[in-house]
Amino acid sequence: MTAIYKNLLGGKQGVIGLALLAALIFLVLPMFLDIFRLNLVGKYLTYAFAAVSLVLIWGYGGILSLGQGVFFGLGGYCMAMFLKLEASSPENTAIQSTPGIPDFMDWNQLTQLPWFWEPFNSFPFTLFAILAVPGILAYIIGVAMFKRRVGGVYFSIITQAIAAILTILIVGQQGLTGGINGITDLKTLHGWDIRADSAKYLLYYINGGLLIGVILLSRFILSSKLGRLLLAMRDKEDRVRFSGYDVSNFKIFIFCVAAMISAVGGAMFTLQVGFMSPSFVGIVPSIEMVIFAAVGGRMSLIGAVYGALIVNFGKTYFSETFPELWLFLMGGLFIAVVMFFPNGLAGLYEKHGKRVMEKIKMLRSKPTPPVEKTLSGDNSSATARKAA
Amino acid sequence: MSSSTDFTLAIEDLTVSFDGFKAVDGLNLYVDQNELRVVIGPNGAGKTTVLDLICGKTKATTGSIKFKNHELTDLSEHQIVRAGVGRKFQTPSIYENLSVYENLEISYPAKRNVWGCLTFRRTAEIKERVREVAAEIFLEDLLDMEAGLLSHGQKQWLEIGMLLIQDPELLMLDEPVAGMSVKEREQTADLLNRICKGRSVIVIEHDMEFVKNIAHKVTVLHQGKILAEGSMDQVQNDERVIEVYLGH
């Protein structure tokens with residue numbers, strides 16, 4: 001565990017891991033995939049934001065949040081509200097009984113834009129809200145829970161309940177939120193057509209860049225004293241109090257950071273997929289995000305990204321081929337990870353991959369990095385090698 | 001009754017009851033500056049509970065605990081620590097998955113808020129202080145070792161070191177030599193005699209040989225109340241003490 005932890009501090013290992021991930025995202029995948037598949041990968045990579053946030057809060061902080069979907073969804077909804085308002089200009093909605101408001105509001109007999117939609121006419125405000133809305137909600141939940149020393153399984157259950165509540169709220173308030181269908185039919189960002197292929201490419205690269213940025217930010221946090229303190233808290237919370245730290249403040253901080261990271265993923269999801277709906281907010285997506293982090297390795301930021309990619313590739317493949325079996329496979333995968341390799345792919349790498357790498361180093365004559373191998377996506381050992 | 005300003009610690013009428021059971025019952029205890037006080041007593045006498053109450057782990061039902069004339073009963077744990085009270089637990093309580101160095105560094109009393117931790121840098125001053133303390137607790141050669149791999153006795157020392165680096169004015173040790181070898185006990189007695197200079201110390205201990213080695217003054221607790229208080233000789237010859245504690 002500490003070995004992985006030390007690698008995260010950077011050094012040669014950390015740089016190589018990050019460079020391989022960047023090469024995969026920016027070069028290899030765009031070179032070999034058509035825009036439809038690349039757009040899918042982009043969607044998977046937005047889940048990787050949530051998986052990375054879970055490494056921070058669950059892997060290091062020891063706080064299992066089953067509500068990261070809430071923050072992912074809130075980020076996504078903030079972005080969707082802005083795009084929807086732009087798509088609902090009076091000219092575009094001339095056939096409605098009240099032109100100029102989103103179509104689903106018109107269908108629900110609303111005649112005026114609700115007050116909380118108004119600020120989302122502004123793009124700077126939207127960008128601010130994508131971080132602030134989930135951040136503030138996480139702060140409120142954090143203060144309410146951690147100051148009272150609610151932790152462990154109780155905290156997990158409460159976050160899950162919040163995920164359920166938010167879903168019910170969104171579905172129930174159809175006129176304000178678009179209900180079960182979500183906010184659909186998003187077209188342009190400042191007049192720029194986000195559905196065009198060129199836009200999809202650009203958004204994919206922006207998404208990849210943000211993801212690398214988030215990993216670097218997380219590394220900075222984890223390699224500071226705060227990272228060591230999180231590890232200390234995970235094991236001996238009481239001792240940390242008696243070293244003079246206010247434990248709850250640190251938990252609130254990391255919970256808020258994790259919420260904002262997830263929200264960035266949600267906003268990028270909306271941009272790349274073109275809609276946002278309650279099915280990305282609730283309990284099921286929140287738990288799936290935990291599975292991504294678990295498969296990748298909950299102590300490894302880069303592992304979490306591979307976890308999100310592999311599980312989602314698997315999900316797409318299996319749900320196309322054996323639709324009725326997929327859920328069982330997903331459940332089985334989670335159980336297998338917990339039972340046989342609790343530190344995920346990154347843990348496997350620590351255990352076996354390094355030895356293999358040593359051998360490769362001795363054998364190889366030409367210095368080509370083994371990047372192409374992972375292309376198949378299901379070659380988990382090759383991927384695991386880079387996961388740490 | 002007014003508490004004197006001279007005492008480092010003044011506990012008055014302290015009572016805590018768990019569902020009607022009074023673990024500590026109307027306790028009065030005064031610890032002087034630079035005094036090393038040993039608290040003994042049979043199992044269940046309330047020794048550990050008294051330490052829990054002082055350091056804020058357990059909240060008092062009634063009574064007051066004054067540390068340098070500041071009431072502690074209203075403060076939370078980290079505030080009590082920052083006021084200058086350090087506590088060692090009965091079982092070694094260290095960060096097993098961090099190195100010895102990191103254990104001491106986390107305990108260093110600076111930058112203990114969120115922003116401070118993010119911007120924390122290992123300054124020469126901190127490194128020097130960590131080395132100094134490590135030398136004092138016989139662990140200077142093991143700074144890079146994962147703390148979980150230390151022996152039981154070394155873990156006890158590490159926890160003492162984690163307190164030492166905080167430089168508390170009141171140091172509370174709960175059975176610091178439990179589970180130690182004879183040689184380690186001697187080293188620990190020596191260590192305690194050195195580190196208690198310039199601060200007040202409360203030690204809970206069962207090992208009477210060890211107590212004789214270090215104590216200035218001994219307090220005997222029984223059923224949450226003070227049974228006897230005085231020098232080691234006085235206490236050892238007290239009939240009631242012999243009956244409930246020493247006699248068997």
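Reader: What share of the contacts in chain A between residues at least 6 apart in sequence join residues at least 24 apart?

Author: This is a predicted model, in which local features need pLDDT of at least 70 and side-chain atom pairs count only at pLDDT 80 or more, while totals for chains, interfaces and linings use all residues. Residues are numbered from 1 along each chain as its sequence is written, and chains are lettered from A and ligands numbered from 1 in the order in which they are written. Two residues are in contact if their C-beta atoms, placed from the backbone, lie within 7 Å. Among contacts in chain A between residues at least 6 apart in sequence, the share joining residues at least 24 apart is 80%.

Reader: What is the mean pLDDT of chain A?

Author: pLDDT is the predictor's confidence in each residue, from 0 to 100. In chain A, 91% of the residues reach 70 or more, and the mean is 87.

Reader: Which residues are among those with the most contacts inside the largest nonpolar core?

Author: A residue is buried if 20 or more other C-beta atoms lie within 10 Å of its own, exposed if 12 or fewer, and partly exposed in between, with C-beta atoms placed from the backbone. A nonpolar core is a set of buried Ala, Val, Leu, Ile, Met, Phe, Trp, Tyr and Cys residues joined through C-beta atoms within 7 Å. The largest such core has 176 residues, and those with the most contacts inside it are A:A51, A:V52, A:V55, A:A304 and A:V305.

Reader: Which element gives the most residues to the side of chain A that touches chain B?

Author: The contact takes 22 residues from chain A and 24 residues from chain B. Helices (H or I, at least four residues) and strands (E, at least two) are DSSP runs, numbered from the N terminus, and those giving two or more residues to the chain A side are α10 (225-235), α11 (237-241) and α12 (247-273). With seven residues, the element that gives the most is α10(A).

Reader: Why is α6(B) described as largely enclosed by the rest of the structure?

Author: The buried residues of α6(B), including B:W157 and B:L158, pack against β6 (85-88), α3 (100-107), α5 (124-136), β7 (170-174) and α7 (182-195) of chain B. Helix α6(B) is largely enclosed by the rest of the structure because, of its 13 residues, the number buried is twelve.
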